[in-house]
Amino acid sequence: MNLNKLYGLEKYLLDLIKLFNLNILPKVIMFSGKKGQGKFTLTHHLITYLFDQNNYDLKTFTINEKNKYINDIKENYNPNVIFFNCLNNNIKIDDIRKLR
């Protein structure tokens, strides 16, 4: 899985970055949709941009390998990021509320 390049979701990333820059990005964001639409990749790009803007190329929507968060995120080792695997559809709104 190549997470370093964003395809087709550039507008969504720019919209989320705009919300961040305006200091109105929600504390919790849930993406939903069919498998393979790029939700996971979009999430990685947003997170790596927010945590290390110097190593994200916003012109080409590419994560630089020097980005200090990309390897931690790829290994699911980042205390600031929690991923739920919703394939079994057993995630309830109360599960999300418990994250606080």
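The structure holds 1 aromatic pair, a pair being counted when ring centres of Phe, Tyr or Trp (its six-membered ring) lie within 6.5 Å, with planes under 30 degrees apart called stacked, over 60 edge-to-face and the rest tilted. The rings of Tyr49 and Tyr56 have centres 5.7 Å apart and planes at 85°, so this pair is edge-to-face.

The model is predicted, so local features are reported only at pLDDT of at least 70 and side-chain atom pairs only at pLDDT 80 or more, whereas totals for chains, interfaces and linings use all residues. Residues are numbered from 1 along each chain as its sequence is written, and side-chain values use heavy atoms, with hydrogens and water left out. The average pLDDT of the chain (the predictor's confidence in each residue, from 0 to 100) is 83, and 77% of the residues score at least 70. Confidence is highest in helix α1 (residues 10–21), with a mean of 97, and lowest in helix α3 (residues 70–74), with a mean of 66; helices (H or I, at least four residues) and strands (E, at least two) are DSSP runs numbered from the N terminus. Where pLDDT is low, the predicted coordinates should not be read in detail.

**Core**

Relative accessible area is used here with a 1.4 Å probe and protein chains only, buried meaning under 20%, exposed over 50% and partly exposed in between.

| Residue | Relative accessibility | Class |
|---|---|---|
| Ile17 | 4% | buried |
| Tyr56 | 6% | buried |
| Tyr49 | 9% | buried |
| Phe61 | 12% | buried |
| Asn4 | 13% | buried |
| Glu65 | 48% | partly exposed |
| Asn23 | 71% | exposed |

Ile17 belongs to helix α1 and, leaving out residues up to four places away in sequence, touches Leu46, Tyr49 and Leu58, where contact means heavy atoms within 4.5 Å.

**Asn4 and Glu65**

Asn4 lies in the segment before α1, while Glu65 is found in the loop between β2 and α3. Their C-alpha atoms are 8.1 Å apart, for residues separated by 61 positions along the chain. The two side chains make a polar contact at 2.2 Å, a term that requires a pair of N or O atoms within 3.5 Å, one able to donate a hydrogen and the other to accept it within protein, with residues adjacent in sequence counted only if both atoms are side-chain atoms. Ile70, apart from its neighbours within four places in sequence, is in contact with both of these residues and also with His44, Thr48, Ile63 and Asn64.

**Backbone and a charge over a ring**

Most residues other than glycine have a negative phi, and most peptide bonds are trans. Asn23, in the loop between α1 and α2 (39–51), has a positive phi near 65°. Phe61, in the loop between β1 (56–57) and β2 (62–63), likewise has a positive phi, near 55°.

The charged end of Lys5 sits over the ring of Tyr7, 5.6 Å from its centre; this requires NZ of Lys or CZ of Arg within 6 Å of the ring centre and within 35 degrees of the ring normal.
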